[in-house]
Amino acid sequence: LFDGVYSFYPQQRKAAVFDISTIIVIVVFLTLACSFLLIIPGIRGRARLYWTLRVLLSLVVGVVIVVVQFTGDWETGWVQANTSYKSFSHVQVNADIGLHIGLAGVNVTLRGNPVNQINETINYNEHFPWNFGADYGRSYSQGLEKGLPSPILYVAEKFSPQSPCAVHRQYRIAGHYASATLWVAFCTWIISNILFSMPVLVYGGYMLLVTGAFMIFSLLSFSTVRNSPMCLIQIGTGTLHVAYGGSFWLMVAIGLLCFVAGITIVALHHLSLGLLRAFFDLREDKAEEYQEMPEVFVNPHFMNKGL
């Protein structure tokens, strides 16, 4: 016992809710959205609706590209099982074991059913990073030293560099290239917004297509890990299976949205330029469009005086 608590920890561990980086990114984009909503009443007529639609959709694309870099649910899996709780102990608990795989590492979750069992609160979430610059093996060794529950260590061991499963290298490289591709997509998203504001509408549409293409490339990069056979994660009588999670499918949706928006803008540029200019609130008459000199008003008094 340590201060009356039967645990390897000085205090009870708590499950993580949100990653700090994710919260920072969301707050930044919410600030931009709120700033725009403060100035939107100054835009008159139907253009107000068009501006709101364009800005909010653009911010949604940008925030998704950045946020999914830090999320841990590109692949997820859950299993409920009766399993041993600690090493060198035959005491078993009923718990939900979750696996959450992101671009930068893996989270292993252990939650008891009920949460309070054997005089302890069983609610854990442990992160093991594998991004470049991080040492997965050291994180796993620190987990052993801290005395993490056996199910967490068992699942984390499957992704360690020394594991016979040999999936550590595949996930690490796939996550690295998927992350790099997403940062390129974020840069092309910024360029597309600059082109729309210049305005060079058709080239902005082309950059939206490039943004969607890089997002799809990131998905393909992460999907390459499925080419390697995954070891069975057997916990008690249950087997933990992983499938594509929310971040993966969110990227699919946003990538398709960029493709649809880009194709629509390019098509309107060639088929209905007036409608496209109206949507982007560009008020130019035909004289300016064809680069002709507009009508000139001459004062007759000065004309007669000159003659």
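1. A residue counts as buried here when its relative accessible area is under 20%. By that cut-off, 41% of the 307 residues of the protein are buried. The model is a predicted one, and the points below should be read with that in mind.

2. Overall make-up. The protein has 10 helices and seven strands. Taking contacts between residues at least 6 apart in sequence, 66% of them join residues at least 24 apart.

3. Annotated spans. The unreviewed UniProt entry carries the annotation "transmembrane region" for residues 20-39, 51-70, 177-196, 203-222 and 242-268. Two of these spans can be set against the model. Residues 177-196 are 100% helix and 0% strand, with 29 Å between the end C-alpha atoms. Residues 51-70 are 85% helix and 0% strand, and there the end C-alpha atoms lie 30 Å apart.

4. H5 against H6. Two packed helices are described by the angle between their axes and the distance between the axes. Helix H5 (residues 168-197) packs on H6 at an angle of about 170 degrees, the axes being 8 Å apart. Angles over 145 degrees count as roughly antiparallel, so H5 and H6 are placed in that class. The residues of this contact comprise 20 nonpolar and eight polar, with no charged residue.

5. H2 against H7. Helix H2 (residues 47-67) and H7 cross at roughly 140 degrees, and their axes come within 10 Å. The pair is therefore oblique, and the crossing of H2 with H7 is left-handed. On the H2 side the contact is made by Leu57, Val60, Val61 and Val64, which meet Leu250, Met251, Ile254, Leu257 and Cys258 of H7. By class, that gives nine nonpolar residues, with no polar and no charged ones.

6. Ser247. This residue belongs to helix H7 (residues 246-271). Ser247 counts as buried because its relative accessible area is 5%. Apart from neighbours within four places in sequence, Ser247 is in contact with Val68, Thr71, Asp73 and Trp74.

7. H3 against H4. Helix H3 (residues 136-146) and helix H4 (residues 150-157) pack with their axes 11 Å apart, at an angle of about 160 degrees. H3 and H4 are therefore roughly antiparallel, and their crossing is left-handed. From H3 the contact takes in Tyr136, Tyr140, Gly143 and Leu144, and from H4 Leu153, Ala156 and Glu157. The classes in the contact of H3 with H4 are five nonpolar, one polar and one charged.

8. Cis peptide bond. Most residues other than glycine have a negative phi, and most peptide bonds are trans. The bond joining Asn113 and Pro114 is cis, with omega at about 0 degrees. Pro114 sits in strand E3 (residues 105-117).

9. Phi is positive in Ile118, near 45 degrees, although the residue is not a glycine. Asn119, likewise not a glycine, has a phi of about 65 degrees. What is the accessibility class of Ile118? Ile118 is partly exposed, because its relative accessible area is 34%. Asn119 has a relative accessible area of 79% and so counts as exposed.

10. Leu232. The loop between helix H6 (201-223) and strand E5 (233-235) holds Leu232. Is Leu232 buried or exposed? The cut-off for exposed is over 50%, and Leu232 has a relative accessibility of 58%, so this leucine is exposed.

Key. Residues numbered from 1 in each chain as written. Predicted model: local features only at pLDDT ≥ 70, side-chain atom pairs only at ≥ 80, totals over all residues. Heavy atoms only, no water. Helix = DSSP H or I, 4+ residues; strand = E, 2+ residues; numbered from the N terminus. Buried < 20%, exposed > 50% of the residue type's maximum accessible area, 1.4 Å probe, protein only. Axes fitted to C-alpha atoms, helices over the stretch in contact; angles between N-to-C directions. Parallel < 35°, antiparallel > 145°, perpendicular 65-115°, else oblique. Left-handed = near helix turned anticlockwise from the far one by under 90°. Contact = heavy atoms within 4.5 Å. Nonpolar A, V, L, I, M, F, W, Y, C, P; charged D, E, K, R; others polar. UniProt positions renumbered as here; feature names shortened; annotations may be inferred.
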